[in-house]
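Open the model and keep the sequence beside it. We will walk from the overall fold to single residues.

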Amino acid sequence: MSKDTIADILTSIRNAEMSGKEIIRIVSTKITRNILEILLREGFIENVRKHQEGNKKFLVLTLRHRRHRKTKKKQYRASLKLKQISRPGQRIYSNYQQIPRILGGMGIVILSTSQGIMTDREARLKRIGGEILCYIW
C-alpha cells in the first residue's frame, strides 16, 4: 500500500474487475469513504459496508455483476474504466466552466472542492471548481 490512497482504490477496483472478483477490501479513510459513496450513488458498485479487524478499519465493497462478451480469442474486456488525473507530484485544478465531460456526460469526474468531494455535475450546479481526482466511465 502506497501513500496515494486514490491510486490504491482505483487499482484495487480495476484489478478485481479484470480478475472477476466481486468483493474487495480497502483500508478506510475519509477520502476513500467519500469516493466510494459517490461510486455507490452513481451505480458503479453495488454495496459498501464497514468492517473492523482489531484496530484497523476496512471498507468491503461489492462490485456490480457484469456480463462480458467473449470474442473468438476469449479475451477479457473490463467494463469499468478508471483513470487517475491528479497525482501527488502533479495536481490538476479546474474551474467549474472547464471541468471536462467524459463520454458526453456518460462518465463522471470526481473532484475535491472546498465543499467536499463531489461529481462534475454537482460542481457545475454549485458553480465551484477544484482538484480533478479521477475519471470513471
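**A guided walk through the fold**

Start in a loop: Arg 127 sits between helix H3 (120-126) and E8. This is a predicted model. Arg 127 is not a glycine, yet its phi is positive, at about 60°. Is Arg 127 buried or exposed? Its relative accessible area is 55%. The cut-off for exposed is over 50%, so Arg 127 counts as exposed.

Leu 103 belongs to the loop between strand E5 (93-94) and E6. Its relative accessibility is 56%, so Leu 103 is exposed.

Now step back to the whole chain. Three helices and eight strands make up its secondary structure. Along the sequence, the pattern reads α-β-α-β-β-β-β-β-β-α-β. The protein chain has 137 residues, and 39% of them are buried. Next, take the contacts between residues at least 6 apart in sequence. Of these, 59% join residues at least 24 apart.

Turn to the helix pair. Two packed helices are described by the angle between their axes and the distance between the axes. Helix H1 covers residues 5-19, and helix H2 covers residues 30-42. Their axes are 10 Å apart and meet at an angle of about 40°. That angle makes H1 oblique to H2. The crossing of H1 past H2 is right-handed.

Which residues make this contact? H1 brings Thr 5, Ile 6, Ile 9 and Ile 13. H2 brings Ile 31, Thr 32, Ile 35, Leu 36 and Leu 39. Sorted by class, the contact of H1 with H2 has seven nonpolar and two polar residues. It has no charged residues.

In soluble globular proteins, nonpolar side chains tend to be buried together. The largest nonpolar core in this model holds 24 residues. Seven of its members touch the most other members: Ile 13, Ile 35, Leu 36, Leu 39, Leu 61, Ile 110 and Ile 136. H1, strand E1 (23-27), H2, strand E3 (56-63), strand E6 (108-113) and strand E8 (130-136) each supply at least two residues. H1 gives the most, with five residues.

Setting aside residues up to four places away in sequence, Ile 35 touches Ile 6, Ile 9, Ile 110, Ile 117 and Leu 133. A second core is separate and has 11 residues. Its members include Ile 85, Ile 99, Ile 132 and Tyr 135.

Strand E2 (residues 45-53) comes next, with Val 48 in it. Val 48 has a relative accessible area of 24%, so it is partly exposed. Beyond its neighbours within four places in sequence, Val 48 contacts Leu 36, Leu 59, Val 60 and Leu 61. Val 48 and Leu 36 are 12 residues apart in sequence, and their C-alpha atoms are 7.5 Å apart.

Strand E7 (residues 116-119) holds Gly 116. Gly 116 has a relative accessible area of 28% and is therefore partly exposed. How many residues separate Gly 116 and Asn 34 in sequence? The answer is 82, while in space the two are 8.5 Å apart, C-alpha to C-alpha.

Tyr 93 lies in strand E5. Its relative accessibility is 59%, so Tyr 93 is exposed. Leaving out residues up to four places away in sequence, Tyr 93 touches Gly 130 and Glu 131.

Finish in the segment before H1, where Asp 4 is found. Is Asp 4 buried or exposed? Its relative accessibility is 17%. Buried means under 20%, so Asp 4 counts as buried. Not counting residues up to four places away in sequence, Asp 4 touches Gln 84 and Pro 88. Asp 4 and Arg 87 are 83 residues apart in sequence, with 7.8 Å between their C-alpha atoms.

Key:
Residues numbered from 1 in each chain as written. Predicted model: local features only at pLDDT ≥ 70, side-chain atom pairs only at ≥ 80, totals over all residues. Heavy atoms only, no water. Axes fitted to C-alpha atoms, helices over the stretch in contact; angles between N-to-C directions. Helix = DSSP H or I, 4+ residues; strand = E, 2+ residues; numbered from the N terminus. Parallel < 35°, antiparallel > 145°, perpendicular 65-115°, else oblique. Left-handed = near helix turned anticlockwise from the far one by under 90°. Contact = heavy atoms within 4.5 Å. Nonpolar A, V, L, I, M, F, W, Y, C, P; charged D, E, K, R; others polar. Core = buried A, V, L, I, M, F, W, Y, C linked by side-chain atoms within 4.5 Å. Buried < 20%, exposed > 50% of the residue type's maximum accessible area, 1.4 Å probe, protein only.
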